[in-house]
Amino acid sequence: MNWRRVLLASGALNVLLGVLALASGGDCATSSSHGAPSLAPPPPNPTVRVITNHVETTNTLPGLAMQWPGWSQIVAADWGEFRTNLLAVGCPRETIRDILYASIQREYFAERRPHLAAVNAIFWDELARQGMKLDTGPIAKAIERIKELHQRYDQLSRAVLADLPHGDEAESTARQEQGRADQFSHLEPVVQSRASELVANYDRKRDELMTAHRDERGQITPEGKAALSQLAEAHRSELGELMGPEATLEWRLRTGGQANWASELRGFEPTPEELRQIADWRLTLAESADADENFWGRYGTSRPPSDANLAASKSAPELRLRQMLGGERYAEYQRAKDGSYQQLYDLSERFELPEQSASQALQMQTDANRAAEQVRNNSNLTGAQRRDALRAIQQETQRSYQGLLGEDAYSTYQRHGGEWLNTLSALNPNP
């Protein structure tokens with residue numbers, strides 16, 4: 001299984017399926033402020049029947065004031081008609097683009113909601129499921145469907161927004177809102193909305209503080225750093241109180257990037273509980289490192305760390321990981337991150353060899369290298385005897401590999417990863 005691809009794709013699950021706020025302004029801001037237009041979902045293959053770029057409105061009854069239409073008369077299920085109606089009431093073209101873009105995005109997010117909601121609840125199970133591939137399973141189906149939706153709505157946007165001034169404001173606002181909302185897809189809709197509001201408020205206050213507390217060089221002042229730290233702590237506390245302990249942990253794990261600890265491993269399939277437990281531990285470790293500049297003596301200390309502290313910084317996490325996994329599972333984990341094993345595992349998958357082929361080949365390599373080292377270190381043997389013994393080990397190992405892997409896989413392995421076989425007969429393989 002290619003964990004790296006799976007975990008990269010898992011980011012698609014962390015999407016809040018809420019509705020984007022209608023971005024509006026200019027002369028028609030008053031009309032749109034009464035609520036977002038209620039549009040019927042577009043057909044499977046949306047078409048734009050009418051798009052006009054210039055509309056003239058005249059008052060054919062002199063002396064009578066023109067009656068402007070209400071919002072319900074402007075909004076239309078057909079995007080081209082909707083655009084034409086907005087032009088007809090004199091709405092600025094930049095604002096028309098904002099309104100149409102936000103409305104199309106709303107429909108897009110609403111249509112993708114059920115596809116992501118269906119797999120969000122089984123996030124950890126699917127992430128750790130044995131033999132999971134990106135081209136199978138519910139996650140793969142959801143991602144493929146979302147790609148199709150994105151392509152369809154992108155084409156629709158290009159058609160509806162053609163020739164309208166591109167101010168970027170609505171698009172930028174929509175991206176920011178969606179980025180804030182992406183973090184909370186595991187929450188109930190009401191909590192999702194409130195959490196997104198808290199993040200928006202935090203972003204606004206943070207930007208205000210950063211603007212207000214800069215020195216003449218443009219750097220944040222010490223007072224500004226203290227204020228930002230207090231704001232961040234209050235924000236975390238407020239979010240935690242809103243979501244509760246369990247949902248807060250889930251949020252931290254999904255957004256902290258620590259669930260990718262197994263992404264480069266081969267042949268090691270963590271259970272959902274192992275994946276979640278170790279991701280939680282790694283997140284705590286990372287947060288401790290960020291919070292303490294002296295953590296492990298590696299984060300900007302005022303004096304170099306001692307050798308003992310440096311050794312502890314490297315060994316302590318591995319010891320803790322061994323405790324969490326247990327001896328047997330930790331041995332599997334160690335093997336899975338071994339570069340030689342990863343090459344053999346990828347080779348076995350490529351040539352569809354039996355599952356145990358990679359582990360058997362790795363054991364052969366370990367045994368052959370150990371035997372060769374014993375011969376090299378045997379002072380009772382002459383140089384000629386050592387060379388003969390090493391040559392025999394090399395030949396036997398090559399025959400064993402060829403028999404285990406098969407002719408095609410063995411030939412490939414000799415060129416990519418099996419170079420060590422050619423050094424087995426050398427008296428000093430690492431000059």
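Hi everyone, let me start with a definition: contact here means heavy atoms within 4.5 Å. One more before we go on: helices are DSSP runs (H or I, at least four residues), just as strands are (E, at least two), and the numbering starts at the N terminus.

Now the ground rules. This is a predicted model, where local features need pLDDT of at least 70 and side-chain atom pairs count only at pLDDT 80 or more, while totals for chains, interfaces and linings use all residues. Residues are numbered from 1 along each chain as its sequence is written, and side-chain values use heavy atoms, with hydrogens and water left out.

Let's begin with helix H4, residues 79–88. How many of its 10 residues are buried? I call a residue buried under 20% relative accessible area, exposed over 50%, and partly exposed in between, using a 1.4 Å probe and protein chains only. For H4 the count is 8 of 10, so the helix is largely enclosed by the rest of the structure. Those buried residues are Trp79, Gly80, Phe82, Arg83, Thr84, Asn85, Leu86 and Leu87. And what covers them? The cover includes helix H3 (71–74), helix H5 (93–120) and H7.

Next, helix packing. Two packed helices are described by the angle between their axes and the distance between the axes. Axes here are lines fitted to C-alpha atoms, for helices over the stretch in contact, and angles run from 0 to 180 degrees between N-to-C directions.

The opening pair is H15 (residues 339–350) and H16 (residues 357–376), whose axes come within 8 Å and cross at roughly 140 degrees. That makes H15 oblique to H16. On the cut-offs, under 35 degrees is roughly parallel, over 145 roughly antiparallel, 65 to 115 roughly perpendicular, and the rest oblique. H15 passes H16 in a right-handed crossing; right-handed is when the near helix is turned clockwise from the far one by less than a right angle, and left-handed when anticlockwise.

Which residues meet? From H15 we have Ser340, Tyr341, Leu344, Tyr345 and Ser348, and they face Ser357, Ala358, Ser359, Ala361, Leu362 and Gln365 in H16. The residues of this contact divide into 6 nonpolar, 5 polar and no charged.

While we are here, Glu352 sits in the loop between H15 and H16. Glu352 has a positive phi of about 55 degrees although it is not a glycine, and it is exposed, at 71% relative accessible area. For background, most residues other than glycine have a negative phi. Asp163 also has a positive phi, near 70 degrees. It lies in the loop between H7 (137–160) and H8 (169–181) and is exposed at 60%.

On to H17 and H18 (residues 407–415), which pack at an angle of about 125 degrees with their axes 6 Å apart. That makes H17 oblique to H18. Gln398, Tyr401, Gln402 and Leu405 of H17 make the contact with Glu407, Ala409, Tyr410 and Tyr413 of H18. By class, these residues are 5 nonpolar, 2 polar and 1 charged. The crossing of H17 and H18 is right-handed.

Staying in H17, Gln394 lies in this helix and is buried, at 11% relative accessibility. Leaving aside residues up to four places away in sequence, Gln394 touches Leu421, Asn422, Thr423, Leu424 and Ser425.

Last topic: charges. Side chains of opposite charge can pair when their charged atoms come close. My salt bridge rule is a side-chain nitrogen of Lys or Arg within 4 Å of a carboxyl oxygen of Asp or Glu, and by this rule the count comes to 19 salt bridges.

Asp388 is partly exposed at 48%, and so is Arg391 at 38%.

Then there is Glu318 with Lys337, the closest N and O atoms being 3.6 Å apart. Glu318 lies in H13 (residues 307–325) and Lys337 in the loop between H14 (327–336) and H15, so the pair ties together parts that are 19 residues apart in sequence.

Finally, Glu111, Arg145, Glu148 and Arg152 are linked in a network of salt bridges.

Notes. Nonpolar A, V, L, I, M, F, W, Y, C, P; charged D, E, K, R; others polar.
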